[in-house]
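Colleague: I'm new to reading protein models. Could you walk me through one, feature by feature?

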Amino acid sequence: MRCSNCGNEINDNSSFCKKCGAKIEHTNDEAKANGVSVQEKSKKPVNKKFLIILVVVIIVIVVAGIAAYLILHNTTEKKADLEGIFYSEEYESTLEISGTEATLEMSGTPTTGKVDIANDVINWDDDDESSTYRFENDRIVLTTDGDTVSYKKASKEKLKELKEDSKYKYIGNYDTIESGEYVVGEDIKPGRYLVSFSFYDDDDSAKEKGTVVFTKDGKKLKTITIADLDSTSVVFEDGQTVTFEAPGEYSDFTLDTE
């Protein structure tokens, strides 16, 4: 190839003439004759296998992220639904759950346990028993040994009532009361109750009776006698002292709301 300015012999790929310094212009035909263009030379073959692996990795990461979010979101919702105090009017019992701690109180007797949120199970501390649960609107349906109890989440008003009831030992949840002296407003919640008496003896012919004596400020107000397996409606007023008198060791009274 020769320089177009001075005619000097130059290399085909030269950009300037070494003799006169003139710039050498290459035509497209010359570039093609010398091989591939500069842009084509700079191009590198794309590894299709690498691209496929990269796409697969990205998809796996996205799917794993979505799954983790859904699991976490679901667990968080379940925890939120479980938190609080639930009650059953039918069985006059309460179920309180805080985190993984559960307390079931029925007939004045509390039972504690651990909540297994992942498996919808409450494992009770006593006797290695467990209960399964499920949600139905604002209720928890608890199943233990085939028996099912529905607990409704307590409203603010109900929580206030439950808190008030917690101050008393006897609130009429089919409470068993032994012979002794009790103060209404301290031991027994004021109100109207159905008082029952039971006498346990091998002799079925025994006809024993229980006695309930009401006093206030040292003055006797009234005395109620209840036959075996019988019951009567009684109003317990704040400030009264109530004495339950049972004949013998094997007998007791029961206090229940009407």
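This is a predicted model: local features need pLDDT of at least 70, side-chain atom pairs count only at pLDDT 80 or more; totals for chains, interfaces and linings use all residues.

Colleague: Where does Leu51 lie, and why does Leu51 count as partly exposed?

Modeller: Leu51 sits in helix H3, residues 48–82. Partly exposed covers the range between under 20% (buried) and over 50% (exposed), so Leu51, at 40% relative accessibility, counts as partly exposed.

Colleague: And the inside? Which residues have the most contacts in the largest nonpolar core?

Modeller: That core has 19 residues, and the ones with the most contacts inside it are Ile188, Val195, Val212, Phe236, Phe244 and Leu255. Strands E11, E12, E13, E14, E15 and E16 each give two or more residues to this core. E11 (191–199) gives the most, with four residues. There's also a second, separate core of 15 residues, which includes Leu104, Val115, Tyr133 and Tyr151.

Colleague: What does Phe244 touch?

Modeller: Leaving out residues up to four places away in sequence, Phe244 touches, among others, Ile177, Tyr182, Ile188, Val195, Val212, Phe236 and Phe253.

Colleague: Now strands. How many bridges join E1 to E2?

Modeller: First, the general idea: side chains in a regular strand alternate between the two faces of the sheet. Here, E1 (residues 84–88) and E2 (residues 93–98) run antiparallel, joined by five bridges. Four residues lie between them in the hairpin, where Glu92 takes a positive phi near 50°. E1 is also joined to E8 (residues 147–153), again antiparallel, by two bridges.

Colleague: Which residues pair with Tyr87?

Modeller: Its bridge partner in E2 is Thr94, and in E8 Tyr87 stands opposite Lys152.

Methods. Residues are numbered from 1 along each chain as its sequence is written. Side-chain values use heavy atoms; hydrogens and water are left out. A nonpolar core is a set of buried Ala, Val, Leu, Ile, Met, Phe, Trp, Tyr and Cys residues joined through side-chain atoms within 4.5 Å. Buried means under 20% relative accessible area, exposed over 50%, partly exposed in between (1.4 Å probe, protein chains only). Contact means heavy atoms within 4.5 Å. Two strands pair if DSSP finds at least two bridges between them.
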